[in-house]
Each structure stands twice: as structure tokens, then as C-alpha cells.
Amino acid sequence: MLITSIGQGLLWAPLVIGVFITFRILDIPDLTTEGSFPLGAAVTVSAMLSGQSAVTASLLGFLAGCVAGWVTGILDTKLHMPSLLAGILTMTGLYSVNMHIMGKSNVPLLSQKVLTNYLPATWSVDLQTIVVGALVTGVVVAVLIWLFKTRLGLSLMATGNNAAMSSANGIYTDRMVIIGYMVSNGCIALSGALIAQSNGYADIGMGIGTIVIGLASVLVGEIFLRGRQIWLRLSAMVLGAIIYRYLLTVAMGLGFPVDDLKILSAGILVIVICLPIIRNKYRTRQQLKRYLKQLGADEHEAEPISSLKRQASPEGLLSRDTK
């Protein structure tokens, strides 16, 4: 169960990293996720059926996701649409695009060679999945760590932190936002390409609920692994994807039907959102109780001291003498 969760979590990790870029780095709620994920799967499977290798097809899926992110970025920055609406419009348009790419709602991979087929056949399926997922996710994390150390990456993070100040310092914030959308949706589409090869098919509805999966994994990763360094934050996203898949696997092992996975995903997201709020409220109450207790003790100790000061004050002695 754990081994399977690790393999599947590594395949979903690029999607979580993509959601992290828009949600945490740019501070933008991007719903393009639910369109770019099946777009990566559709392009990859169609390219493989036309004779392309799995590596080339996966790269094409990544580039298709970048194009989808570019469209959302243009709607957001140049046409000045709200980011939420821009993502919804792109997601809606991608449904028809994906249907045209695949030709039908479900396209299976027949005898095409997927990425796991490049590994020794004696290895188990779970081991092959872990190796492929670790290699692809490792490359994505390494490239992003390098990117966020460059001037471009620093400008991207600065735009997400304070767009007005970044613009005042000469950063083209619209360009940074578009690049952020492209990198994010490229990673999401790459995850769709990996999942399609793992499942053996691309489906028009496989993107439904992916934004919930991504957000839940982001929040789970931030609970278990905290830090300000970019490599630590990206590692938290990978860990969050693995833990999230493990939670779903445990839920299915307890007897939950597959049809309830979406509501389980929503439930996990509600829990991981509420846990920090409840924890902060509990800590605040405990700190307030300790403060009030300490304040009460200080006042109790101060009462006899203040009475002695009043008795021995020069003003009191002077008043008695005058009388």
C-alpha cells in the first residue's frame, strides 16, 4: 500500500508543484488546472499513437500545458480579466480542444511503449512507477530550484509578494505573471502525461477535481514540512503528494467505493484547511490564559507592596505632622 502510494504520489507531484507556483508563489487561484491536466494526457497519448516516443510525447504534453498557461496569462494581464474568471474560461475552452485532439472521450494506449517500458521488465510495476516518477519529479524540482535562483525566478517571486513594488523597481510584472502561468500549467500537463501512461488511457473527464487534489496536497505538505528555502518548499510539495495519495489508498482499503474519491478529496482539503485554524485558536487561548494567570499573580503580589508604600510615603508622614 505504501509503495503504491509513493509511486502514484511521485506521478502526481508535478501537478502539486504547478498548483504551488500559482497558489503560493504568484498568489493566484488558477482553475486552468482542470483543463491543462487532461490536455497533457490528450496530447501525449495522441502523439504516442501517431508514432512518437514516450519521451517526446511527454515533452509535447508539457509544451501544450505551457500554451494553455500562456492563454490564461494573456486573459489575466492583457485583457484585465479576474484571474479566477480567466482560468475558468481557459478550462472551459480546453474541453473542446481536448475532444478535438483525441477525437473521442476516451483514447486507450494499445501496444505503445510508455516510460516504464524503458526499465528492466523484471522489475515490479510499483518499482518502475517509483523510478519513473522520481526521475521526472527530480528533474522538475532541480530545474525549478535553478530557475528561482536566477534573476527571472527572483523577479517571479517578487511579483507574487508585491506586484506594485516590483513594478516600481523595473520588473515587468505582467510578463512574470504570464511566465508563472506557463511554468505552472506545463508541470500540471506533464503530470497528466505521466498519469495517462500509468493508467494506459487518456479520458476527457480525468481533470475533474484535480485542483482540489493539488490544493490538498500543497496544504498537507506544508503541515509536515515547513521552511522558507525554495528547495524545502518544493520537497514539501512532493511529500504532500505522496501523503495525500496514501490517505486515499487507506480510505479505499477501509471499504470506501471508488465513486467516493472526490468527496474524500474534498473532505481531506477541509480538514487540512481547518487544522491550522483550530491549532492557532487553541494556542492563542492557551497563551491568553497564561498571560491572565500571570497578570493576576502580579497584581496579587503588588497589593501588599503598594499598601506598605502608602503607609511609609513622605506625604502621609507630612499630613500627620501638619495635623
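## Model and domains

Domain bounds, as used here, come from an automatic or database domain assignment. On that basis the chain is divided into domain 1, residues 2-255, and domain 2, residues 278-322. The C-alpha centres of domain 1 and domain 2 are separated by 59 Å.

The model is predicted: local features need pLDDT of at least 70, side-chain atom pairs count only at pLDDT 80 or more, and totals for chains, interfaces and linings use all residues. Residues are numbered from 1 along each chain as its sequence is written, and side-chain values use heavy atoms, with hydrogens and water left out.

## Transmembrane annotation

The unreviewed UniProt entry lists residues 9-26, 46-71, 83-103, 123-148, 176-198, 204-225, 237-257 and 263-282 under "transmembrane region". UniProt positions are given in the numbering used here, feature names are shortened, and annotations may be inferred rather than shown by experiment.

Two of these spans can be set against the model. Residues 83-103 are 95% helix and 0% strand, with 30 Å between the end C-alpha atoms. Residues 204-225 are 68% helix and 0% strand, and their end C-alpha atoms lie 34 Å apart. Helices (H or I, at least four residues) and strands (E, at least two) are DSSP runs, numbered from the N terminus.

Helix α2 has 17 residues and reaches 24 Å from its first C-alpha to its last, close to the 24 Å expected at 1.5 Å a residue. The expected span is 1.5 Å times one less than the number of residues in the helix. Of the 17 residues of α2, 14 are buried, so this helix is largely enclosed by the rest of the structure. Buried means under 20% relative accessible area, exposed means over 50%, and partly exposed lies in between (1.4 Å probe, protein chains only). Just after α2, G51 adopts a positive phi of about 110°.

Helix α10 covers residues 230-253, which makes 24 residues. From its first C-alpha to its last, α10 reaches 35 Å, close to the 34 Å expected at 1.5 Å a residue. G255 follows α10 and has a positive phi, near 110°.

## Contacts of aromatic rings

A search of the whole structure finds one aromatic pair. Its members, W12 and F37, are stacked, at 5.1 Å centre to centre and 10° between the planes. The pair links distant parts of the chain, since W12 is in helix α1 (residues 2-25) and F37 is in helix α2 (residues 33-49), 25 residues apart. Rings of Phe, Tyr and Trp (its six-membered ring) pair if their centres lie within 6.5 Å; planes under 30 degrees apart count as stacked, over 60 as edge-to-face and the rest as tilted. W12 counts as buried at 9% relative accessibility, and F37 counts as buried at 0%.

The charged end of R175 sits over the ring of Y172, 4.6 Å from the ring centre. A charge sits over a ring if NZ of Lys or CZ of Arg is within 6 Å of the ring centre and within 35 degrees of the ring normal.

## Cysteines

The structure holds zero disulfides, a disulfide being a pair of cysteine sulfur atoms within 2.5 Å. For C66, the closest cysteine sulfur is that of C187, at 7.7 Å, too far for a bond. C66 is buried, with a relative accessible area of 12%, and C187 is buried as well, with a relative accessible area of 5%.

Most residues other than glycine have a negative phi. D27 is not a glycine, yet has a positive phi of about 60°. D27 is placed in the loop between α1 and α2 and is exposed, with a relative accessible area of 57%. H80, also a residue other than glycine, has a positive phi near 60°. H80 is found in the loop between α3 (54-77) and α4 (83-102) and is exposed, with a relative accessible area of 65%.

P82 lies in the loop between α3 and α4 and is exposed, with a relative accessible area of 51%. The C-alpha atoms of P82 and P29 are separated by 9.9 Å, although these residues are 53 residues apart along the chain. In helix α3 is S58, which counts as buried at 6% relative accessibility.
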